[in-house]
Amino acid sequence: MPSIVLIILYICLHLAQAVPTGLEQRDVSPDILSRFQLMEQYAAAAYCVENSNSPGAQLSCHVDNCPRVDAADTNTSLEFENSSRTDATGFVAIDYTNQLIVVAFRGTASLLGWILNFNFNRVPTTICNGCGVHEGFWTAWLGVRDAISDAVRDAVAAKPVFNVVCTGHGQGGAIASLAAADLRNAGYNAALFSVIHIRPEYYIRTPNFVPISPADIKVCPGSLDRDCNAGAFWFDVISHGWYFDNIWLCFPIVDPSIL
């Protein structure tokens, strides 16, 4: 069963097989669910090559898995692909329809990306005093930090009332969390919607490929709550690729347009 983990407005979903006992009986609001769905589609758009190599363009998903992003009036101020010594790929976009400045990162899509994932060394970070961070994710963020910071600065100057949001899936979600922290330290009120597992967890009890309503989501407030995603005994690849829709349908191995 997929799960969503939210801090400030994080999205975190995955498959879990545990029986949902001891859950806090509270549904999310339709508005929060709608935000989850939109941010999931922005994370999906980061997988599509047309959104990482043509700055100044409208965002789109040629496999039709981000209809709300397709329908929005958007323009990318920065697109980056396989940046520096890392696999960091994504975009900074202005969404005029939803009044957002979106920083989105693609998940793992190469051997280099997997190497970074398994670089578990803990290294110091400038985000907070005495804090350590996953070296692979930190290296990926540093490779694009200056360009993204400049793009966000310019976008906020042009649209000061728009909300800054960071999002990503898998590795992209981890990088997005570092981006949001750095942007907050720089004075931006950056929200984070990230497909990683953090507390409190918003647990979806419906299986994959089924529409989700607010009533399907229950809150697991504990850290690594065994009644929710932490109760799973394996990593389910299909579930990791399916949240509100097929998030990585633009991934080259999955993309039906190139088969």
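Trainee: What makes Cys48 and Cys250 a disulfide?

Mentor: Keep in mind that this is a predicted model. The sulfur atoms of Cys48 and Cys250 sit 2.0 Å apart, and the cut-off is within 2.5 Å, so the pair counts as a disulfide. The pair links distant parts of the chain, 202 residues apart: Cys48 is in the loop between α1 (30-45) and α2 (67-71), and Cys250 is in the segment after α6 (237-241).

Trainee: How many disulfides does that rule give?

Mentor: Three. Cys61 is joined to Cys66, S to S 2.0 Å, and Cys128 to Cys131, S to S 1.7 Å.

Trainee: Why is the disulfide of Cys128 and Cys131 called left-handed?

Mentor: Look at the torsion about its S-S bond: it is about -120°, so the link of Cys128 and Cys131 is left-handed. The link of Cys48 and Cys250, with 80° about the S-S bond, is right-handed. Cys61 and Cys66, with 115°, also make a right-handed link.

Trainee: Why is Cys128 called partly exposed?

Mentor: Its relative accessible area is 32%. Buried means under 20% and exposed means over 50%, so Cys128 falls in between. Cys131, at 25%, counts as partly exposed too.

Trainee: And what makes Cys166 buried?

Mentor: Cys166 has a relative accessible area of 0%, and the cut-off is under 20%, so Cys166 is buried. Cys48 and Cys250 are buried as well, and so are Cys61 and Cys66.

Definitions and conventions: Residues are numbered from 1 along each chain as its sequence is written. This is a predicted model: local features need pLDDT of at least 70, side-chain atom pairs count only at pLDDT 80 or more; totals for chains, interfaces and linings use all residues. Side-chain values use heavy atoms; hydrogens and water are left out. Helices (H or I, at least four residues) and strands (E, at least two) are DSSP runs, numbered from the N terminus. Buried means under 20% relative accessible area, exposed over 50%, partly exposed in between (1.4 Å probe, protein chains only).
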